[in-house]
Amino acid sequence: MTGDAWEVHAGWWQDEFTDGVDPEYEEQILPTVTEHLAGRARVLDIGCGEGQVARHVVATTGAASVVGVDPSDAQLVVARERAGGPAYVRGAADALLVPDAGFDAAVACLVFEHITAVDAALAEVARILRPGGVFLFLLNHPLLQVPGSGWIDDQILGEQYWRIGPYLTEDVSLEELAPGVVLPFVHRPLSRYLNGLAGHGLLLEHMDEPAPPPGFIAKAPEYEAAAVIPRLLVLRLVKHTR
């Protein structure tokens, strides 16, 4: 994760995507976390930001211990202010300062799109999970949300379609998400993630490609025509001994 950018733009993220403001989190992401992590006693939230996923895990899954890790001091300050039960540690996804096999679940929510050291980060997930532990991995859909993708209303051909960008090319791009808010995004094809995960004994158990939730469509009516195109990919993986 590019720590400096998140330090600079932490306030924007907190205002626009946390504390009940964002319908994708409220209607889709947080319920998905509850569904897949229910009953897990010790949970690590990788790239926790200001802690909304970690707080939600404490509140809804019955977890006895939840730890959030993030490289941004500006995010962690607010996470601790908002409290809610988790403990927080400063650290990067590729160097998690937690014990080996110390958790029976980990979650990374819209984090790996901002990580350059992906192989080291996947190795760290495997290291901190006990055998049989679950990794809940939420990504912007690697195929359908490639940079350059989007809904096309072709007035010449009289067709509407979803354009897919250069999917097979691994790429780092800077995207302006709001005026003055520029963040790096790393695109990788899905095979890059799945093969990397499998190489560390993290094997796919379940996959979801949910449609955008109603609250998002209501907030972004220009997206309504593409409501059958998923924005999110959800993978649940299990750590196997090799």
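Which residues is C109 in contact with, leaving aside its neighbours within four places in sequence? They are Y25, I29, I46, V53 and L138. Contact here means heavy atoms within 4.5 Å.

Some ground rules. This is a predicted model, where local features need pLDDT of at least 70, side-chain atom pairs count only at pLDDT 80 or more, and totals for chains, interfaces and linings use all residues. Residues are numbered from 1 along each chain as its sequence is written, and side-chain values use heavy atoms, with hydrogens and water left out.

Back to C109. This cysteine sits in strand β4. Its relative accessibility is 6%, so C109 counts as buried. Buried means under 20% relative accessible area, exposed means over 50%, and partly exposed lies in between, with a 1.4 Å probe and protein chains only. H9 is 100 residues from C109 along the chain, and their C-alpha atoms are separated by 18 Å.

A word on element names. Helices are DSSP runs of H or I with at least four residues, strands are runs of E with at least two, and both are numbered from the N terminus.

Now the sheet. It is open and has 7 strands, in the order β3-β2-β1-β4-β5-β11-β10, with mixed pairing. Two strands pair if DSSP finds at least two bridges between them. The edges are β3, residues 87-90, and β10, residues 202-208; each has a single partner strand, so one side of each has no neighbour in the sheet. From one strand to the next, the twist averages 20°.

Take the pairs in turn. β1 and β2 run parallel, joined by 5 bridges. There, I46 has V69 as its bridge partner in β2. β5 and β11 are antiparallel, over 7 bridges. V134 stands opposite V238 of β11. β10 and β11 are antiparallel too, with 6 bridges. H206 has R236 as its bridge partner in β11.

Stay with β11. 8 of its 8 residues are buried, so the strand is largely enclosed by the rest of the structure. L232, V234, R236 and V238 point one way; L233, L235, L237 and K239 point the other way.

What lies across the sheet? Helix α2, residues 23-37, lies across β1, β4, β5, β10 and β11. α2 runs at about 165° to β5. Such angles run from 0 to 180 degrees between N-to-C directions, using lines fitted to C-alpha atoms, for helices over the stretch in contact.

Next, the cores. A nonpolar core is a set of buried Ala, Val, Leu, Ile, Met, Phe, Trp, Tyr and Cys residues joined through side-chain atoms within 4.5 Å. The largest has 33 residues, and Y25, L37, V53, V57 and L138 have the most contacts inside it. α2 gives the largest share, 5 residues. A second, separate core has 30 residues, including V98, A108, F137 and L197. As for V53, its contacts, not counting residues up to four places away in sequence, are Y25, L30, V33, D45, V107 and C109.

Last stop, helix α6, residues 190-199. Which of its residues are buried? L190, Y193, G196 and L197. In general, an α-helix has 3.6 residues a turn, so residues three or four places apart point the same way. The cover over the buried residues of α6 includes α5, β5, β9, β10 and β11. After α6 comes G201, with a positive phi near 80°.
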